[in-house]
Amino acid sequence: QAFRPSYHKYQLRGLESLQPPVAAMKLKIRRDAIHAVLSVQDEQRLNGYSDPEAIARSYQVLTVLPQLWAHHVAAEDEEQAQKIHHEESARRRREFQDNRRTTKKKVQFQQIARFRKILSRSQYTNHEVADCWYTKAEYSAIRESCTVIIQKYEAKDVDQDLPTTKESGDFCMRGLESYTHIGGRIKSRRRRNAYLSVFGSSSGDCPAAAYEKAAATSCLQAIERGLKDRLAATDSNR
């Protein structure tokens with residue numbers, strides 16, 4: 001009766017020593033252990049030497065039985081927990097199968113079908129292609145513009161700790177924070193830490209949990225940037 005699952009009225013695990021027979025046995029083991037330690041200490045004192053390892057061994061001999069009992073109880077609890085888990089899983093599978101039998105599947109179709117024709121990319125004219133995709137010249141112009149913005153930003157005496165919204169004059173750093181010198185180093189360090197947390201960790205954590213811990217700072221920073229951008233957009237629309 002030592003283990004009681006959660007659906008029973010009471011549990012006795014952790015309260016065994018409050019029962020009179022177990023309490024008496026526990027008291028006797030403690031008294032014998034203290035007596036054995038004191039006896040070894042007195043013997044060493046009379047002989048004029050000190051051996052802490054001998055004192056520890058005398059105590060360990062008398063605590064073997066409680067340790068074996070604790071291992072037995074832990075194994076019993078684990079076995080019962082696995083049994084309850086299997087029973088619960090089987091019950092859920094049965095409920096799922098029963099629901100599938102009683103639930104009727106239905107498929108409906110609209111009587112009027114609507115569709116829209118979309119041209120294939122091979123049918124686009126040169127003008128339409130230019131309107132839909134960037135050209136190499138446009139990519140080069142965007143890259144040069146971003147480079148100029150980063151240079152302007154780094155030339156000013158401003159906070160370099162990846163600002164969330166930093167507008168000055170005719171440029172904005174949103175999306176370019178990690179391309180500065182300090183931002184690039186921070187980004188590389190965070191990526192390296194995330195990589196090591198997943199592939200080089202020996203803590204036994206699952207990869208998802210380890211990566212979540214390593215990416216917590218980046219996640220909070222992204223949320224903060226999103227909130228500040230939303231506030232900035234709201235203020236600009238007023």
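**A walk through the helices and salt bridges**

Of the 238 residues in the protein, 16% are buried, where buried means under 20% relative accessible area, exposed means over 50%, and partly exposed is anything in between (1.4 Å probe, protein chains only). Keep in mind that this is a predicted model, in which local features need pLDDT of at least 70, side-chain atom pairs count only at pLDDT 80 or more, and totals for chains, interfaces and linings use all residues. Residues are numbered from 1 along each chain as its sequence is written, and side-chain values use heavy atoms, with hydrogens and water left out.

Now for the overall layout. The protein has eight helices and two strands; these are DSSP runs numbered from the N terminus, with helices being H or I of at least four residues and strands being E of at least two. Reading from the N terminus, the order is α-α-α-α-α-β-β-α-α-α. Among contacts with a separation of 6 or more, 38% are between residues 24 or more positions apart, a contact being heavy atoms within 4.5 Å. The accessible surface comes to about 20300 Å², and carbon and sulfur atoms own 55% of that. Those areas come from the Shrake-Rupley method with a 1.4 Å probe, and for residues only the protein chains shown count as cover.

The axes of H6 (residues 181-199) and H7 (residues 207-214) come within 8 Å and cross at roughly 155 degrees. Axes here are lines fitted to C-alpha atoms, for helices over the stretch in contact, and angles run from 0 to 180 degrees between N-to-C directions. H6 and H7 are therefore roughly antiparallel, since that label covers angles over 145 degrees, with under 35 being roughly parallel, 65 to 115 roughly perpendicular and the rest oblique. On the H6 side, Asn193, Ala194, Ser197 and Val198 meet Pro207, Ala210, Tyr211 and Ala214 of H7.

On to the charges. Side chains of opposite charge can pair when their charged atoms come close. Searching the whole structure turns up seven salt bridges, each one a side-chain nitrogen of Lys or Arg within 4 Å of a carboxyl oxygen of Asp or Glu. One of them joins Glu95 and Arg91, at 2.5 Å from N to O. Glu95 and Arg91 sit four residues apart in helix H3 (residues 64-102), so about one helical turn separates them. Glu95 is partly exposed at 40% relative accessibility, and Arg91 is partly exposed too, at 32%.

Other bridges reach across the chain. Arg174 and Asp229 pair at 2.9 Å, N to O. Arg174 is in the loop between strand S2 (171-172) and H6, while Asp229 is in helix H8 (residues 216-237), 55 residues apart. Arg174 is partly exposed at 29%, as is Asp229 at 28%. Glu177 and Arg225 form a salt bridge at 4.0 Å, N to O. Glu177 is in the loop between S2 and H6 and Arg225 is in H8, a separation of 48 residues. Both Glu177 and Arg225 are buried. Elsewhere, salt bridges with shared partners tie Glu88, Arg91, Arg92 and Glu95 into one network.

One last stop is Cys146, in helix H5 (residues 136-155). Cys146 is partly exposed, with a relative accessible area of 23%.
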